[in-house]
Amino acid sequence: MKRATVLIADDHTIVCEGLYHILAEEFEVVGQVRDGRALLAAVQKHKPDVVVTDISMPRLNGIEAAGQLKKTHPDLQIIFLTMHSEPAYAKAAFIAGASGFVLKDGPATELVLELLIHKTGRSHKHASTLTTRQREILQLVAEGHHVKEIGEI
């Protein structure tokens, strides 16, 4: 079976390198970029199945980049990996077309799980197609709960 292709976008080199090492065993990592404009170009060049992106990046933030990418690549799965736990960020990410939203202070397995869900071909274009647990987590984030609290529930 063909491994899903993943493109990593984060302005911190150490984060990109760490993500590469976490993901490379299960997925084909086709590139790493450090800003939103480079993300747009890399998606056009590599045509990945999934993008893992931060929100805060130079030249174009991840949410704006996601909105543009979903217009030209509607089947692209976009997973946000971010430090921003505020519900407004999660809401904006999903409005822009996010398939998943993972906080950086969570376990690496959470990100890998999100990617495995998308590797199976399940589409998360709309909130109504989220699993029960994903909707529950989104609700808890919207209520202001922290990742550690959610993980214990």
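Guide: Contact means heavy atoms within 4.5 Å. The model is predicted: local features need pLDDT of at least 70, side-chain atom pairs pLDDT 80 or more, while totals for chains, interfaces and linings use all residues. Residues are numbered from 1 along each chain as its sequence is written, and side-chain values use heavy atoms, without hydrogens and water.

Visitor: Which residues does His73 touch, not counting those up to four places away in sequence?

Guide: His73 sits in the loop between α3 (62-72) and β4 (77-82). Helices (H or I, at least four residues) and strands (E, at least two) are DSSP runs, numbered from the N terminus. Leaving out residues up to four places away, the partners of His73 are Val43 and Gln44.

Visitor: Is His73 buried or exposed?

Guide: Buried means under 20% relative accessible area, exposed over 50%, partly exposed in between (1.4 Å probe, protein chains only). His73 has 16% relative accessibility, so His73 is buried.

Visitor: Which side chain makes a polar contact with the side chain of His73?

Guide: A polar contact pairs N or O atoms within 3.5 Å, one able to donate a hydrogen and the other to accept it; for residues adjacent in sequence, both must be side-chain atoms. At 2.8 Å, the partner of the His73 side chain is that of Thr72.

Visitor: How is α3 placed against α4, roughly parallel or roughly antiparallel?

Guide: Ile63, Ala66, Gly67 and Lys70 in α3 meet Tyr89, Ala92, Ala93 and Ala96 in α4. The axes (lines fitted to C-alpha atoms over the stretch in contact, angles from 0 to 180 degrees between N-to-C directions) come within 8 Å and cross at roughly 20°. That makes α3 and α4, with under 35 degrees as the cut-off and over 145 for antiparallel, roughly parallel.

Definitions and conventions: Parallel < 35°, antiparallel > 145°, perpendicular 65-115°, else oblique.
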